[in-house]
Amino acid sequence: MKLVISKPTKNALTETNPDNLIYSSDYDTLKYYVAGSAAVSIPTEASPQTYETTFVTHNLGYYPFFVCFISFDDAPTLQYYMMPFDFADFPMSSQNYVYVTTTTLIFRSWNYDVFGGDVGGQNIHLHYKIFRNDLGV
Amino acid sequence: MIQVSISKAGVNVLTVVDPNDFIFSSLYNTFKIIASGTYSPTLGTDPGYNEYYTSVAHGQSFTPFVIAFCKFTNSRVGIVGEKASNVEFWFTNLRVNGSSIEFGYLNATGGNYTPVFKYYICEVPL
């Protein structure tokens, strides 16, 4: 037995194109597990740095489907950048990556100022959505 | 038209209007995964830091919306545009056409690299 809801004007009993369906139990969909955000402080250093932190312990026991955005102190709730986020505007550059393991979400940020200035001391706000879907890798 | 809705606990399904208060509502289209798979090629190295593509057939009659992840060999999973955290390997790009999904990579590790790509194919054409 299955459940099918078609788009308006489409016949749910005969429709075979999934793009004409609102929902069909024939197809998997994303299932939320946890969502949230928090500020990650970039250390105050004057040289190239690699900063890494365990951001969320999910403990699902498998690699989950995830999506992340980041924002910055100057506009923490106005501008959201989808991860990964690479930034280069001389003399500064920044690379921000995020990974999952079977237990955690890991945030990795690399920042560099060509002139050795202080690129630290500010917060990056990481906004995450972790789904229950097992990547199966 | 018949409407099917399931609200979150504590919310009246008959009066709710915020989509975030629904577990499911037929008022809104859902994200449908029509196929998925893993692909694990062995990729040769290029010390010149050049980008290459490796591909897998998606088997659809249209160019689909695709999402992909990459499991690096240090057992971390990243997303398109990311570098392995321990070696000079990047999952640089993801592109799709009418027949295949193409995974962009840059392997400057000095040896072969064998990532595991996980891809999801969704119902909506691009």
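In what order do the 4 strands of the open sheet in chain A run? In this predicted model, the order is S3-S10-S5-S6, and the pairing is antiparallel. The edges of that sheet are taken by strand S3 (32–41) and strand S6 (81–82) of chain A, each of which pairs on one side only. Strand S6 of chain A is joined to strand S5 (residues 64–72) of chain A by 2 bridges, with the two running antiparallel. On the S6 side of this pairing, A:Met82 is the bridge partner of A:Phe69.

Stepping back to the whole of chain A, the count comes to 10 strands and 0 helices. Reading along the sequence simply gives β-β-β-β-β-β-β-β-β-β. Of the 137 residues in chain A, 39% are buried. As for how the chain contacts itself, take the contacts between residues at least 6 apart in sequence: 64% of them join residues at least 24 apart.

Chain B has an open sheet of 4 strands too, here in the order S4-S9-S8-S7, and again the pairing is antiparallel. Strand S4 (52–57) and strand S7 (82–83) of chain B sit at the edges with a single partner strand each, so one side of each has no neighbour in the sheet. For strand S4 of chain B, the antiparallel pairing with strand S9 (residues 100–107) of chain B extends over 6 bridges. Within this pairing, B:Val56 has B:Ile101 of strand S9 opposite.

Now to where the two chains meet. On the chain A side, 31 residues are in contact with 34 residues of chain B. Between them the chains bury about 2700 Å², and 64% of that is on carbon and sulfur atoms. Three residues stand out on the chain A side: A:Ile22, A:Tyr99 and A:Val137 provide 21% of the area that chain A buries against chain B, more than any other three residues do.

Polar pairing also features at this interface, with 12 residue pairs in polar contact between chain A and chain B (both residues at pLDDT 80 or more). Several elements of chain A give two or more residues to the side that touches chain B, namely strand S2 (21–24), strand S5, strand S8 (92–100), strand S9 (104–113) and strand S10 (123–134). Sorted by class, that side of chain A has 20 nonpolar, 5 polar and 6 charged residues.

What about salt bridges between the chains? The interface of chain A and chain B has 1 of them. The partners are B:Arg76 and A:Glu52, whose closest N and O atoms are 2.9 Å apart. A:Glu52 belongs to strand S4 (residues 49–57) of chain A, while B:Arg76 lies in the loop between strand S5 (64–71) and strand S6 (77–79) of chain B, so this pair joins two chains.

Over all chains, the structure holds 8 salt bridges. One of them links A:Asp26 with A:Lys2, with the closest N and O atoms 2.9 Å apart. Here A:Asp26 is in the loop between strands S2 and S3 of chain A and A:Lys2 is in the segment before strand S1 (4–6) of chain A, so the pair ties together parts 24 residues apart in sequence. A:Asp26 counts as partly exposed, at 46% relative accessibility, and A:Lys2 is exposed, with a relative accessible area of 53%.

Another salt bridge in chain A pairs A:Lys31 with A:Asp28, and there the closest N and O atoms are 2.5 Å apart. A:Lys31 is partly exposed, with a relative accessible area of 37%. A:Asp28 counts as partly exposed as well, at 38% relative accessibility.

Technical notes
Residues numbered from 1 in each chain as written. Chains lettered and ligands numbered in written order. Predicted model: local features only at pLDDT ≥ 70, side-chain atom pairs only at ≥ 80, totals over all residues. Heavy atoms only, no water. Pairing = 2+ DSSP bridges. Contact = heavy atoms within 4.5 Å. Buried area = accessible area lost by both parts, 1.4 Å probe. Salt bridge = Lys/Arg side-chain N within 4 Å of Asp/Glu carboxyl O. Polar contact = N/O pair within 3.5 Å; in protein donor to acceptor, adjacent residues only side chain to side chain. Nonpolar A, V, L, I, M, F, W, Y, C, P; charged D, E, K, R; others polar. Buried < 20%, exposed > 50% of the residue type's maximum accessible area, 1.4 Å probe, protein only.
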